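Here is my note on the backbone of this model. Please read it with the structure open.

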Amino acid sequence: MAKHWHMVYLFSVWQLHTIEVAAFNLDTQNVLQKNGNPGSLFGYSIAFHQQLNPAKKNLLLVGAPRSKHQNQVNVTGVVYQCDLTTTSDRCQPIQFDNKEFLDSKGINGQWMGVRVVSQGPGKNVMTCAHRYQQWDPSPSLYVPRLVTGQCYLLGDNLQVGQEERKWRRVVCDSQHLQRPRTHAWFAYCQQGHGASFAKDNKSLLFGAPGAYYWKGIIRMELLDDLDIFTEDSRETGDLNQLNTELIPLKSDSYLGFSIDSGMALIRKGELTIVSGAPRGGYSGQVAFLKPDPVTQTNLSVELVLSGPGLASSFGYDVAVVDLNGDGWEDLAVGAPEFFVKDGLVGGAVYIYINNKGKNWDKIVPTQLLGPKESMFGLAVENIGDINQDGFGDIAVGAPYDGSGQVYLYYGSSDGIHKKPAQVISSGSNKVTLFGYSLSGNLDVDNNQYPDLAVGSLSDSVFVFRARPVVSVSSTLKVTPNQIDITKEQCDKRTCFFTAQACFTYTAHPASLNPKLMLNYTFEADAQRRKARLDFVRSSRGRLELPGQKREVCTETRLRLLRDIKDKLHNISVSVAISLWTSSDLSNLTPVLNHFQPKSIVSEIILINKGCGSDNICQSNLEIQYKFCSRKTQNNQDVFESLARDDGVAVITPSKEDIALEITVTNREGDDAHQSHSIISLPDTLHYSTIVYNTAAGTQVTFYIILSTSGISLSTKEVNVTLQLETKSVQTIQPVEALAKVVFDLELQVYGLARPSQVSLGKTLKGESAVKSLDEIGTPVRFDFKIINLGRPLKSFANASLNIYWPKENAVGKWFLYLTQISSDGVQSVPCSPAEEVNPLKGVKGWHTPSRKRREAEFDALFTDGSFLPTRRKHKTLTCSDGLKCVEMRCPLLGLDTTAVLVLHSHLWNTTFTEDYSSLNYVDIVVDATLSLTNTPENIGLKPENPGTKVKLTVFFEREVKYIAKIAWWIILLTVIALLLLLAVLVFLMWKRGCINCLAQKSSHDEELKKETTPLKG
């Protein structure tokens, strides 16, 4: 492994997602457009129809429900036939002049043309008017007209034929309306919004979503219904019973709003009807129906699919189509009002791939989503196999996507391609709601590819023709296809390669054999910015393919560049293709198959002996990390781990940078070619520089220097993603470097008692005699100074000073009586509990009933008869030893730099003189700590639990006393000793004559006194 084998990339990633849809095989340049009268809603519904009688003609039938026939007053709605073989943009109205049609009365405003359908080439046509008003024999104020709706049938030539059938069909007829109870049920049937020819080719299907208070019904009638052997018509709810309970949907479901059918949905060869109820079940439902095998006049509901979301209009349109070509028909359901909260979704289509007719309710549908507010799924149409690959395709209208767009989705063996193969629009700013109606599955230009018609609500319709699709098969051969660069000395001489590409094409139909001009482009090392090969000859050109399955080849020459760095990975050579215009196709030029690869790749294998016999280098890269602090000592960087004892790194934001130590190893692995690490930083950490450590053998260590200036108070952790990459073979999972973020508040507290020493005399005053604060005892104040060395606490943290106040001694006597708490430098907020401040202020006379018990305790406590102590006795009293304390919590709101809290108190002298007078002095220790309250978890104190201890010393003034309890014999001996001492003194004085001297002196003094006595005169 080379010494400098490791690179580091640091970056921020912005991802922009766009959807590009290339045009596939619908020609958008030569579009046929037909226009109707302004305001007529020309294009509200459309249907391709191939007329075979009297002559073959491809038509587009267009409904214009707000139009009127020439020379008529009533706005009945008109259905137009547009000849697709002419270039005229105008269409001809279909005349409904048959006597059966003329019997219709309430045709003004009936919206004829709201639905137009064709049974197929050379067959029948049906058009409906869902607002047709049936005259009521007894109209009332509330039901002046019956909005029943009606449908007309026409033959292949768009006229009434000779068949034995009724050409005018009304579902909600007199049979429904003659019963009083059912009159209101069928007054607003609105037949015709959903109508179709059944796939059994002998039945008609009608939806009447307004029946049964908008629950809706489906009606099936035979096309030729006047034959004597004709079966009875069928209807959901039973045509004879008219029983709404037989329809397992709720009112206001709109069953019959859309309708289609298939012969291989549940059972092959058996008709199954599919109808949408876009307001059923709060989101929309789709019902599967079949003729009831028991009741000949009933259509029974076999199963019901419910849509996702709420009010998504699931079932607004339905289409039956075999998408995967397995012979079982699949189902596409539009839900144009589906949305995702705060998302860019405006409509959806759900694709149900048939599981051989079983478990429809358990199928997980494929979801196709449309742009926001586009009403994607308002129209869903089976358009046949538009690219002739053997799978059915669908078109989806999104009329509110701008001015309207249509999305084409092609089927596949897996079901459907979720990405649209093509998106088409009108290409005109004057056209709105393009895609409101769709019709397909008819080849109008006879090239054996079905085409597509699109309607709008701007009185215009458009026909897009499908272009033939060709699939080009390519082969690519590079000679030589492997090389040992070292052995061939390609760094000293030029090594050459030859690339040969061969092409053939196939198309549908097999008779299609145009000469195709194919563009080709060779590329070498296309995935690299700087290729390791370049071309000696031209890398691009054009060649002609003369016909299907006829191969044509071309080649080019390449050379290997010298001094290439990557000698490990193979060198890719590819050739990409595209079509040029055809030389002999007079109609539409073919297009390349959208789903085939557009290029083919071959590789030149580079043989590397350093990678073993299999020529595969398998590295064993591993990465380790550690968050560190960065300090400078003796002009050198010193890195210390930020990990705590539990192994979790903790970052404390400051002006100093931190470092991310990264160690990469490659032990017991092959060479790691062009290895590098990708480091993705969060927004809270900013890259500063990189410091490399010495690399040795299979290990390298380096430090990423990071600034923490981007970390805010809301940051609780930082996450750095470390990803190793190498050109060698190794799957390396990313590593997440995680560290917690903690803001340390540098708070300090100091305490002092004033005075710190107190001397107490022998004055005793019982508790019952205390009437004022001054009589309690000596006043003492405790000063606490809080210093904030960091940022002010005004905005992000709440701290408090917790003082453990010695309220009583161990036996419950008053000790330090707290009278007042004052503060400076913080907001004035009372400490808690507030009742511990001057607690006796509300007690009359401050009399305590427990006094006798306390005095008795005193008498029992001091009864010993010791002599004077030979040394000074003292005791230290704390909350954990000898005192009962209460915690006073004082908030430090608004602390900036400094604050002072003062606790004013009085010593309870009586307690001290009674309980502690045998001691020379007492030390009282008051504890105070700082803590945080209601603060985010990433904010802490530094150091943890900072606090202080305040000591107060109390001295006792003492009088010397002698204890009276002395034995009697000691007293007796003392008296005898004193008498003996007196006798000895008398004897000594007599011996010396002192006694006579004293007697003589006494007599002399007497005589002198007499001589000096004055005379009385």
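**Backbone points to check**

Line by line, these are the places I would look at. The model is predicted.

1. Start with Y282. Its phi is near 70°, a positive value in a residue other than glycine. Y282 sits in a loop, with β18 (272-277) on one side and β19 (285-291) on the other. Is Y282 buried or exposed? Its relative accessibility is 60%, so Y282 counts as exposed, the cut-off being over 50%.

2. Next, D459. This residue is not a glycine either, yet its phi is positive, about 65°. D459 belongs to the loop between β31 (451-455) and β32 (460-464). Here the relative accessible area is 11%. D459 is therefore buried, as buried means under 20%.

3. A word on background for these two points and the next two. Most residues other than glycine have a negative phi, and most peptide bonds are trans.

4. Now the peptide bond between N53 and P54. The bond is cis, and omega is about 5°. Where does P54 lie? P54 is in the loop that links β3 (45-51) to β4 (57-64).

5. Last, R754 and P755. The peptide bond from R754 to P755 is cis too, with omega near -10°. P755 is found in a loop, between β53 (747-754) and β54 (757-760). R754 is the end residue of β53 (747-754) as numbered.

How values were computed
Residues are numbered from 1 along each chain as its sequence is written. This is a predicted model: local features need pLDDT of at least 70, side-chain atom pairs count only at pLDDT 80 or more; totals for chains, interfaces and linings use all residues. Side-chain values use heavy atoms; hydrogens and water are left out. Helices (H or I, at least four residues) and strands (E, at least two) are DSSP runs, numbered from the N terminus. Buried means under 20% relative accessible area, exposed over 50%, partly exposed in between (1.4 Å probe, protein chains only).
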